[in-house]
Amino acid sequence: MDTADVYAAGESESLLGQVLSGCRDNIVLATKFHAPTGKGPNDAGQSRLHLMRGLEDSLRRLRTDHIDLYQVHNFDALTPVEETLRALDDAVCAGKIRYIGCSNLAAWQVARALGVSALRGWSAYASVQACYSLAVRDIEREILPLAIDQHLGLMAWSPLAGGLLSGKFGREGGTDANARRMHIDFPPVDTEHGYRVIDAIRPVAARHDVSPARIALAWVLAQAGVTCAIVGARRAEQLRDNAGALDVVLTDQDLAELDAATKLAPSYPGWVQATTNAHREKFLR
C-alpha cells in the first residue's frame, strides 16, 4: 500500500493506519516525504531535520514502528543529496525503515544518488516510482532503462492516466461527471493523443470482453521492468475491476496494436545509438 505524508494533509496516512490495525505484518507499507507539511522553513524538502520529523509523524499516523519503503517524493535542489541519503541510512540502521526509494526523479538524479550510496556504503534506492501508462510513456527514454540496468523495482503511478483510460472517456466526452479527470488534467495528456490511445484500447478490450481499464493496466504490468501498478479506485467495484487486470494475458497482436498507437517518437541520442547498433549487428552477421 502506497501513500504520502502530504495526501489530504496526513489524513491518508491516518486512515490507512486504522485500516492496517491487526494486519500490519501482511502488508508492504510505503509512504513518501518532501512536500510542505506546514508553513515553516523546515516543513518541506529533504533536509535531515524535515526527514526525521516527517518520518516520526508518518510512523505515528500509520500506527506502526517501521515503514517498509520510505521514498523521497520529488527532487530537492536545495539539500545536498549526501545529507538526505545519510539521514535515510541512519533511519534504516535504526530499524524505522526497511528500504528506501524515490519518486518523480530524473534518471540522472537517481543515478547520482545510487553512486553516492555505493561510494559511502549507505542504503541505496531500491525502487523508483514514476508516472507510466499507455498515454504517458516518457519514462521509456531514460528512467525505465536505468531501473532495469540497476535492478530497481519500478512502481507505476497513474497507470490509467488519471482515469483517462478507465473507459469513461472518449471523443464523445465523459460519462461520469464526478470523475476527477472531468475537473483536472492530471497527469497532463495531449487531447488528440489521448483519444488515439483510447481508440486503440477499445478493440483490444472488446476481444477480451473486459473493460478498457483492465487492458490499460494489463499493458503496464506486461512491460519489462515494471514491478507493480498503483491504482487509486474510489469505489469497491472499480477496485475489483482493476484487480481483474492480473488475469488478462495480452497477445502479441494486442501488444503490437497498442504499441503502434502509443509509442514515443525517436529522440536523441536514442536514434543514433539504435542506428549504430543496428549497423554493427548487421556487420557481425
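Helix α2 (residues 48–62) lies across β1, β2 (67–72) and β3, and runs at about 140 degrees to β2. The model is predicted: local features need pLDDT of at least 70, side-chain atom pairs count only at pLDDT 80 or more, and totals for chains, interfaces and linings use all residues. Numbering starts from 1 along each chain as its sequence is written, and side-chain values use heavy atoms, with hydrogens and water left out. Helices (H or I, at least four residues) and strands (E, at least two) are DSSP runs numbered from the N terminus. Axes are lines fitted to C-alpha atoms, for helices over the stretch in contact, and angles run from 0 to 180 degrees between N-to-C directions.

Now the sheet. Strands of a sheet pair through backbone hydrogen bonds, either parallel or antiparallel. Here 6 strands form an open sheet with parallel pairing, in the order β1-β2-β3-β4-β5-β8. Two strands pair if DSSP finds at least two bridges between them. β1 (30–33) and β8 stand at the edges with a single partner strand each, so one side of each has no neighbour in the sheet. On average, neighbouring strands are turned by 30 degrees against each other, direction ignored. β3 and β4 run parallel and are joined by 4 bridges. Ile100 has Tyr125 in β4 as its bridge partner.

Next, the helix contacts. The axes of α6 (residues 191–208) and α9 (residues 252–262) come within 9 Å and cross at roughly 170 degrees. That makes α6 roughly antiparallel to α9 (under 35 degrees counts as roughly parallel, over 145 as roughly antiparallel, 65 to 115 as roughly perpendicular and the rest as oblique). Contact means heavy atoms within 4.5 Å. Among the contact residues are His193, Arg196 and Val197 of α6 and Gln253, Asp254 and Glu257 of α9. The contact divides into 6 nonpolar, 4 polar and 4 charged residues. In these classes, Ala, Val, Leu, Ile, Met, Phe, Trp, Tyr, Cys and Pro are nonpolar, Asp, Glu, Lys and Arg are charged, and the others, Gly among them, are polar.

α6 also packs against α7, at an angle of about 100 degrees with the axes 8 Å apart. That makes α6 roughly perpendicular to α7. Ile201, Val204, Ala205 and His208 in α6 meet Pro212, Ile215 and Ala216 in α7. This contact has 6 nonpolar residues, 1 polar and no charged.

What space is left? A search of the whole structure finds 1 cavity of 30 Å³ or more. On a 1 Å grid over the protein atoms alone, a cavity is a set of points where a 1.4 Å probe fits but cannot get out, a pocket is an open set with protein on both sides within 12 Å along at least five of seven lines, and lining residues have an atom within 4 Å of a point. Grid points are joined across faces, edges and corners, and a volume is the space filled by probe spheres set on the points. The largest cavity has a volume of about 40 Å³. Its lining includes Ile201 and Pro212. α6 gives the largest share of that lining, 3 residues.

The largest pocket has a volume of about 1,700 Å³. Of its 50 lining residues, Asp2, Ile230, Val231, Gly232 and Ala233 lie nearest the centre. α1 gives the most to this lining, with 5 residues. By class, the lining has 25 nonpolar, 17 polar and 8 charged residues.
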